[in-house]
Amino acid sequence: MDQLFEFLADNLLLSGLFAAVLVAWLAWEVSRLTRKWQELDTLAAVQFINQHDPLILDVSNSTDFAKSHITGAIHMPPSRVASGNQPLLKELDRPVLVYCRSGQVSAQMATKLTKLGFENVKMLTGGLAQWESDKQPVTQGKSKSKKNEKNKHKS
């Protein structure tokens, strides 16, 4: 035990950095375990889509969405994920899968969705980049609006 204290005293910077990393890691794990949404890898996301028919929200920018997106995804930029978005709030009972291009923005949007009242929110780990890397299908261009789909069914 004396050797441990001697090591710590001789290596204050190294010991301090280790303590800081340990505290940061513990804080991250606690926040991960207490948040109201979950991360899904590609395989789990495919199973979630097949079993629960979730609302799939792409929160990436318009350019990225037009390049490629998950089939059936709705483009919902972060500025449109708000408490006043009535079409979104009509879907509160539905499970949600949210993603962006790299997975950075979607974590913030998942938190925002849970604050709006969505109870079953999942986030695609690694975003669309990981989805494409795992050879999952994507579509290009803008998604069809609900109006276009209704008109198509009337014809």
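This is a predicted model: local features need pLDDT of at least 70, side-chain atom pairs count only at pLDDT 80 or more; totals for chains, interfaces and linings use all residues.
## The largest nonpolar core

The largest nonpolar core contains 18 residues, and the members that touch the most others are Leu57, Leu88, Val98, Leu113 and Val121. Two or more residues of this core come from each of β2, α5 (86-89), β4 (96-99), α6 (105-116) and β5 (121-124). Helix α6 supplies the largest share, four residues. In soluble globular proteins, nonpolar side chains tend to be buried together.

Leu88 illustrates the packing within the model. Residues up to four places away in sequence being set aside, Leu88 is in contact with Leu55, Leu57, Met76, Val81, Leu113, Leu116 and Phe118. Two of these partners, Leu57 and Leu113, are themselves among the core members that touch the most others.

## A second core

A separate core of 12 residues is also present, with Leu40, Phe48, Ile70 and Leu128 among its members.

## Loop residues with positive phi

Asp53 lies in the loop that connects α3 (42-52) with β2 (55-58). Although Asp53 is not a glycine, its phi is positive, near 45 degrees. Asp53 counts as exposed because its relative accessibility is 52%, and the cut-off for exposed is over 50%.

Lys135 is placed in the loop between α7 (127-133) and α8 (146-154). The phi of Lys135, likewise a residue other than glycine, is positive at about 60 degrees. With a relative accessibility of 72%, Lys135 is therefore classed as exposed.

Conventions. Residues are numbered from 1 along each chain as its sequence is written. Side-chain values use heavy atoms; hydrogens and water are left out. Buried means under 20% relative accessible area, exposed over 50%, partly exposed in between (1.4 Å probe, protein chains only). A nonpolar core is a set of buried Ala, Val, Leu, Ile, Met, Phe, Trp, Tyr and Cys residues joined through side-chain atoms within 4.5 Å. Contact means heavy atoms within 4.5 Å.
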